[in-house]
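The sequence and the model are shown first.

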Amino acid sequence: MTPALSSLCVGPLEGLTPPRISMALGADTLPARELLDPARLAALFDRFGIQYGHGDRRAVGSLWSKWYFSVLSAHSLAANLLLERDLPLGLDDLHLQQSPDGRISGLTLRHAGCPLSDLAPYPRFATLLDGNLTPLIEALAATTGASPKVFWSNAGNYFEYFAGTLAGHPMALPGVAEPAQVLMKSRTLPDGRRNPLYRPVRYVEPVAPDRPRRVRRLCCIRYLIEGLGYCTNCPMGCRRTTRIAREDG
């Protein structure tokens, strides 16, 4: 790893493992391009789904994607917003570190990235959106049968979360998250396409006077696996809790 990337894993990112910088593949490493192979992706979900009793494939795929999007968003946004570097995250360039159960636990990069050539809100995230998320989410939806909106919601949830978290990073300048926030507030991209990261999260009635409740716009469908129920920021769970509170009141 380079000193610059290593220095990012402090403060709110202290628990992250810095990306490896290597052309060599370890025994636990998966070329990201292989995730576009339906057979390879299905086999991965079979392995990951063991812990969930091989439950609903749509929910298994969604849960797997949350691990992936969490690692991807944290490193991508940290390098992008704190260092103004574009990491090589295209599926042809990226390799993924895996845990024994198939979760994505880290990234292996060919190099430490390049200075961003355009600091406008969309171009600076184009590698992430067009080179990684768009083709992968198409593959995830096709393999699992879940709507692409489920996976975009998962990706957007972590994109929004880590953008906000970086404000507390010791390397952050004032307004560090603004480019990400501007992107998420736009319904469309510069070329007219619908923005799949548009407002992935909303903040509703406060759970404390100074802390509004953070709620996803779409459910991750993990409840389709018996025994899991809703996430703490699930819109379905939020509506149910609000209804019960009103009935009890």
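## Salt bridges

Arg40 and Glu34 join through their side chains in a salt bridge, with 3.1 Å from N to O. The term salt bridge stands for a side-chain nitrogen of Lys or Arg within 4 Å of a carboxyl oxygen of Asp or Glu. The model is predicted: local features need pLDDT of at least 70, side-chain atom pairs count only at pLDDT 80 or more, and totals for chains, interfaces and linings use all residues. Residues are numbered from 1 along each chain as its sequence is written, and side-chain values use heavy atoms, with hydrogens and water left out. Arg40 counts as partly exposed because its relative accessibility is 25%, and Glu34 counts as partly exposed at 32%. For these labels, buried means under 20% relative accessible area, exposed over 50%, and partly exposed in between (1.4 Å probe, protein chains only).

Over the whole structure, a search finds 9 salt bridges. Another of them pairs the side chains of Arg103 and Asp101, at 3.2 Å from N to O. Arg103 is partly exposed, at 23% relative accessibility, and Asp101 is partly exposed too, at 22%. Asp191 forms a salt bridge with Arg193, where the closest N and O atoms are 2.7 Å apart. Asp191 has 51% relative accessibility and so counts as exposed, while Arg193 is partly exposed at 35%. A network of salt bridges links Asp130, Asp191 and Arg193.

## Helix α6

Helix α6 covers residues 178-185, and its buried residues are Pro179, Ala180, Leu183 and Met184. These residues lie on the same side of α6, because they cover an arc of only 135° around the axis. The arc is taken from the directions that run from the helix axis to the C-beta atoms. Helices (H or I, at least four residues) and strands (E, at least two) are DSSP runs, numbered from the N terminus.

Which elements cover the buried residues of α6? The cover includes α3 (57-83) and α5 (148-165), with contact meaning heavy atoms within 4.5 Å.

## The largest pocket

Rolling a probe the size of a water molecule over the atoms shows where empty space is left. On a 1 Å grid over the protein atoms alone, a pocket is an open set of points where a 1.4 Å probe fits, with protein on both sides within 12 Å along at least five of seven lines; lining residues have an atom within 4 Å of a point.

The largest pocket holds about 270 Å³ of space. Among the residues that line the largest pocket are Lys149, Trp152, Arg187, Tyr198 and Leu218. Its lining has 5 nonpolar, 2 polar and 5 charged residues. Ala, Val, Leu, Ile, Met, Phe, Trp, Tyr, Cys and Pro count as nonpolar, Asp, Glu, Lys and Arg as charged, and the others, Gly among them, as polar.

## The second largest pocket

The second largest pocket has about 170 Å³ of space. Its lining includes Glu160, Gly164, Gln181, Met184 and Tyr203. Two or more residues of this lining come from each of α5, α6 and β7 (201-208). By class, the lining divides into 6 nonpolar, 2 polar and 3 charged residues.

Gly164, one of the lining residues, lies in helix α5. With a relative accessible area of 41%, Gly164 is partly exposed. Gly164 and Ala126 are 38 residues apart along the chain, and 20 Å separates their C-alpha atoms.

Conventions:
Points joined across faces, edges and corners; volume = space filled by probe spheres on them.
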